[in-house]
Amino acid sequence: MDDAAAEQAVERLRAMIRIPTVSRMAPEVADESQFMAFRALLAELYPLTIEQLGLEIVGGGTLLFRWAGRGTGAPSVLMAHYDLVPADEPGWTHGAFDAELVGSGDERRIWGRGAIDDKGMLAVILEAVEAALADGFEPAADLYLSFGHNEETAGDGASDVVALFKERGIRPALVIDEGGAVVTGVFPGIDAPIAVVGVTEKGIAGVELSVSKKGGHASTPVRGGATSRLARAILRLERSPSRASISAPTMAMIRALGPHARQPLRVLFTRAGAFRGLLTTAFARLGPETEAMVRTTRAVTRLTGSAGDNVIAERATAMVNVRIAVGSSLEQAVSDIRKAVNDPEVAVRLVYGSEPAPVSRSEGPVWRLLSDAITDVFPGSVVAPYVMLQASDSRHFAEISDGVYRFLPFDLTAAERGTLHAIDESIRVSTYLRGIEFFTRLISAL
Ligand SMILES: [Zn+2]
């Protein structure tokens, strides 16, 4: 890409960031006109894609494009989402929707909510597709683009697309969605950049603990009321974490990283099978991130008691946000919580939940195609499968594909990763351009 083309690509992402397509938990407060404006903008920015690829709007706003392939091989799907988490918190260095372009050299950045998550991803896909269309390229098999409109909230846009694919008997060989990235300095003893590709993701559940007791006036309290009973349950939960265990995909990650680690970690990682117990303990103790890799985690997020300062609660509740380890299950997670709480007066109720996603293959031709594209564009990087700790839209696709990979083709620093869903989200121009290069390279191989 020459400099002029690169500057135009930068301007297109800036235009996308200026439209605040914010998803709100209450659908009635989401501003639908912004979503319409965004769709109109895409038609302006990527005319060939809009004209030549059949577009269907699914589930009220998810955009599904089909690029007809030359042959009848299994199709691929490139995913992104154009809704955003809110940017209401104060303290942004540059306005969240101003799309300012600041700095020079490798520190030249595009600022704003969505610069990475996930308009950055959307833009690099569309830039690569539009350029390939301009070149007259035709993919060997069908290529779909699926751009969600409510990933950050309901996420049913993606499940609607999957339902449509099922109806039409479409089984993609390869699905790429947001997820891991190219990171440095995350794993102890490894200096090379690591491209972590999510091959599965943890399950998620909301489990409610509740205690109902006689209330009354706060001037004459009774010991062991609903709130203190609930507090005891919460402490018990924290004192008995679920069992730690290294799942098969985490094992595959450790083995992939092994040869690139410094001694003595190299021995430990390359012979991970023999050191399983030691590694499990180390992961569980090293820090919250590695701990989350080896066990089902629970976070008590929302508490309710009575509505008045001087009213004793008749009912107290705690919402536990549970992330279920690959290899475990919803049922196991709930029964472990019940066991840990160990109190018949505390009701434990599963409010919502989804199982951990099926594990996609980290070997074979599809994996190789992807990892070759990564190492071509990020030379010197080590490609490793991993278990994504967060939930993404792509988990729905795991029902119809064995090759669902969660990967943002961006080299991101720890500080940059920390801005996702927080203040000061921004992307380096060089990172963005390399993302375009990645999809250009990948699409040419499809
Ligand atoms: Zn996202």
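Buried here means under 20% relative accessible area and exposed over 50%, with partly exposed in between (1.4 Å probe, protein chains only). This is a predicted model, where local features need pLDDT of at least 70, side-chain atom pairs count only at pLDDT 80 or more, and totals for chains, interfaces and linings use all residues. Residues are numbered from 1 along each chain as its sequence is written, and side-chain values use heavy atoms, leaving out hydrogens and water.

View 1. Strand β7 (residues 174-183) is mostly covered, with nine of its ten residues buried. Helices (H or I, at least four residues) and strands (E, at least two) are DSSP runs, numbered from the N terminus; two strands pair if DSSP finds at least two bridges between them. β7 runs parallel to strand β3 (residues 76-81) over three bridges, and Ser 76 sits opposite Leu 174. With strand β16 (residues 404-411), β7 again pairs in the parallel sense, over five bridges; here Val 175 faces Val 404. Strand β8 (residues 194-201) pairs with β7 in the antiparallel sense over two bridges, and Ala 195 is the bridge partner of Val 182.

**View 2. Tyr 432 in the largest nonpolar core.** A nonpolar core is a set of buried Ala, Val, Leu, Ile, Met, Phe, Trp, Tyr and Cys residues joined through side-chain atoms within 4.5 Å. The largest one has 90 residues, and Phe 147, Tyr 432 and Phe 439 have the most contacts inside it. Helix α4 (residues 119-134) gives the most to this core: ten residues. Leaving aside residues up to four places away in sequence, Tyr 432 touches Ala 9, Leu 13, Val 124 and Phe 410, among others; contact means heavy atoms within 4.5 Å.

**View 3. Phe 165 meets Phe 397.** Rings of Phe, Tyr and Trp (its six-membered ring) pair if their centres lie within 6.5 Å; planes under 30 degrees apart count as stacked, over 60 as edge-to-face and the rest as tilted. A search of the whole structure turns up nine aromatic pairs. In this one, the ring centres of Phe 165 and Phe 397 are 6.0 Å apart and the planes are at 85 degrees, so the pair is edge-to-face. Phe 165 belongs to helix α5 (residues 156-168), while Phe 397 is in the loop between β15 (382-388) and β16, 232 residues apart.

**View 4. Phe 407 meets Phe 438.** These two rings also make an edge-to-face pair, with centres 5.7 Å apart and planes at 70 degrees. Phe 407 lies in strand β16 and Phe 438 in helix α14.
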